[in-house]
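Hello,

Here is the structure we talked about handing over. Please open it before you read on; my notes follow below.

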Amino acid sequence: MRLSMVYSAALLLNTGLVRGASIADPDVNGKYWIYGEGISAAFVPYGASISDLLIKDQYGIQRDIVTGFDNASYYTVDKQHPHFGGVPGRYANRIKNSTFELDGEKYHILANENPTHDNPDGLDTLHGGPDGWDWRNFTVVAYTKNSITFSIVDPDGKEGFPGEVVSFITYTLGNLTWDFKMVAIPTTKKTPIMLSSHTYWNLDGFANNQTQSALNHTFFLPYSGQRVGVDNILIPTGDILPNKLGSVNDFWSAPKQIGHSFSDPEIEGNCGFNCTGYDNCWLVNREQSGPYDWRKDGFIARLQSAWSGIQLDIFSNQEAFQMYSCNGQDGSMALKTTQGLFDNPDFPRTIPKYGCIVLEVEDWIGGINQPEWQRGSKQIFEPGGDPYVLQASYKFSINTTATPF
Ligand SMILES: *[C@@H]1O[C@H](CO)[C@@H](O)[C@H](O)[C@H]1NC(C)=O
Ligand SMILES: *[C@@H]1O[C@H](CO)[C@@H](O)[C@H](O)[C@H]1NC(C)=O
Ligand SMILES: *[C@@H]1O[C@H](CO)[C@@H](O)[C@H](O)[C@H]1NC(C)=O
Ligand SMILES: *[C@@H]1O[C@H](CO)[C@@H](O)[C@H](O)[C@H]1NC(C)=O
Ligand SMILES: *[C@@H]1O[C@H](CO)[C@@H](O)[C@H](O)[C@H]1NC(C)=O
Ligand SMILES: *[C@@H]1O[C@H](CO)[C@@H](O)[C@H](O)[C@H]1NC(C)=O
Ligand SMILES: *[C@@H]1O[C@H](CO)[C@@H](O)[C@H](O)[C@H]1NC(C)=O
Ligand SMILES: *[C@@H]1O[C@H](CO)[C@@H](O)[C@H](O)[C@H]1NC(C)=O
């Protein structure tokens with residue numbers, strides 16, 4: 001039997017679709033809550049997005065440490081569409097010139113970023129196009145006390161991509177853990193697939209009474225001595241660049257505050273034209289140290305806040321990692337009612353520039369237009385072949401020795 005058939009049959013059985021099991025209703029705000037030990041989280045069908053994640057800080061005060069909206073219906077209404085907590089798809093990040101070639105055939109995907117006079121829709125495609133996966137409502141196919149599974153069927157030709165893709169996104173909470181598994185299966189044609197979780201973090205729940213900024217969060221990428229080179233609109237050039245010791249993109253040699261290198265002139269333009277900060281894709285290089293079990297043998301990324309004491313360790317089977325320091329936020333997005341300080345004029349109830357950190361496990365961005373990288377087996381899938389499988393485990397703890405370096 002074909003592997004993809006085994007997978008889809010197993011998924012259908014697991015999800016209860018074939019049993020016709022009924023799914024419990026969401027709460028009054030349209031959110032689906034699940035519960036683990038010391039952790040609870042809510043999800044919405046729009047983009048299969050995480051909307052809330054609650055854990056206690058070092059003082060035992062509950063914090064909501066992801067951005068989102070107060071109710072499920074607002075996700076569709078909001079015009080800015082910051083991709084809060086969703087699953088970008090069918091192909092995350094940017095597609096150069098909104099084109100790619102597969103078996104000698106050229107495909108044109110709908111553009112949606114960097115509009116110009118000659119290209120009013122844009123020069124490239126970001127996160128799967130103007131109606132990418134995180135602009136659509138997924139279907140809830142399974143829902144238990146500690147897990148939820150969303151599904152989407154992406155039709156042949158949608159946004160310009162070849163063939164139908166069926167995908168299942170399962171989120172599970174454990175003992176201070178948030179695990180996810182994203183499976184995608186092409187059913188009719190060969191197609192590129194790359195997914196991620198586009199979650200925005202503020203480990204203080206925006207309640208830090210000294211600073212609303214996340215620049216004091218400490219970040220560590222122990223396996224990431226290299227990154228993907230990009231042009232001034234963040235399209236990969238094909239070059240793999242070194243993150244030299246002590247340089248602005250060096251997060252591998254030691255944990256460092258996100259804002260640590262902001263006085264280094266090299267930070268200017270580091271995230272594209274006229275952009276100061278980070279929106280970069282670091283490679284995760286761990287093969288050279290021998291075989292590894294991604295679940296056990298070390299986190300690929302760590303984010304900490306000394307103020308709340310909350311530490312997030314990310315384990316994943318993915319071989320690249322994007323970090324975005326919310327350079328594009330400008331105080332126009334409201335905080336959720338579960339976040340922030342109240343009645344304090346110094347701390348408005350909005351998300352400031354650099355007020356959050358987006359962390360994205362993924363593969364090498366733009367790989368479909370860089371054949372010399374040889375990412376085909378990770379990014380191009382066909383009916384009857386191996387399915388696309390992204391797995392990650394996000395582990396939370398309290399670490400009061402996090403140094404504000
Ligand atoms: C839904 O949430 C949005 C943004 O969080 C808020 O502006 C709006 O008032 C909420 N609507 C309802 C009916 O609660
Ligand atoms: C998604 O579902 C919400 C809640 O049911 C609804 O308000 C919204 O219009 C839907 N959005 C889309 C894009 O279908
Ligand atoms: C860019 O896209 C346009 C139209 O979609 C196409 O005509 C052109 O050949 C593409 N350029 C390259 C270098 O692929
Ligand atoms: C959760 O993990 C902690 C530490 O790892 C352990 O002490 C505790 O017993 C666990 N709780 C449960 C319910 O398994
Ligand atoms: C700031 O927050 C800390 C941690 O919750 C708390 O101990 C302290 O009293 C707060 N300070 C003020 C001035 O509210
Ligand atoms: C943030 O970290 C810097 C050191 O990089 C330190 O000087 C500053 O006091 C910190 N700010 C807060 C509010 O913790
Ligand atoms: C650069 O960005 C700043 C805001 O961050 C803006 O005020 C300025 O106009 C921009 N400059 C150019 C040349 O786009
Ligand atoms: C806590 O953070 C410090 C500073 O980054 C680190 O050295 C230490 O290993 C962390 N402790 C745990 C238990 O993760």
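A residue counts as buried when its relative accessible area is under 20%. Keep that cut-off in mind for the first item. Note too that this is a predicted model.

Arg-94

Arg-94 sits in strand S5, which spans residues 94–96. Is Arg-94 buried or exposed? Its relative accessibility is 8%, so Arg-94 counts as buried. The side chain of Arg-94 has a partner: a polar contact of 2.7 Å links it to the side chain of Glu-113.

Cavities

How many cavities of 30 Å³ or more does the structure hold? There are three. The largest cavity has a volume of about 70 Å³. Its lining includes Tyr-46, Ser-49, Phe-69 and Tyr-75. The run from His-81 to Phe-84 also contributes, with His-81, Pro-82, His-83 and Phe-84 each on the list. Asp-78, Gly-86 and Asp-134 line this cavity as well. By class, five lining residues are nonpolar, four are polar and two are charged.

Ligand 7

On its own, ligand 7 has 360 Å² of accessible area, and the protein covers 26% of that.

Best wishes

Key. Residues are numbered from 1 along each chain as its sequence is written. Chains are lettered from A and ligands numbered from 1 in the order in which they are written. This is a predicted model: local features need pLDDT of at least 70, side-chain atom pairs count only at pLDDT 80 or more; totals for chains, interfaces and linings use all residues. Side-chain values use heavy atoms; hydrogens and water are left out. On a 1 Å grid over the protein atoms alone, a cavity is a set of points where a 1.4 Å probe fits but cannot get out, and a pocket is an open set with protein on both sides within 12 Å along at least five of seven lines; lining residues have an atom within 4 Å of a point. Grid points are joined across faces, edges and corners, and a volume is the space filled by probe spheres set on the points. Ala, Val, Leu, Ile, Met, Phe, Trp, Tyr, Cys and Pro count as nonpolar, Asp, Glu, Lys and Arg as charged, and the others, Gly among them, as polar. Accessible areas come from the Shrake-Rupley method with a 1.4 Å probe; for residues, only the protein chains shown count as cover. Helices (H or I, at least four residues) and strands (E, at least two) are DSSP runs, numbered from the N terminus. Buried means under 20% relative accessible area, exposed over 50%, partly exposed in between (1.4 Å probe, protein chains only). A polar contact is a pair of N or O atoms within 3.5 Å; within protein, one must be able to donate a hydrogen and the other to accept it, and residues adjacent in sequence count only if both atoms are side-chain atoms.
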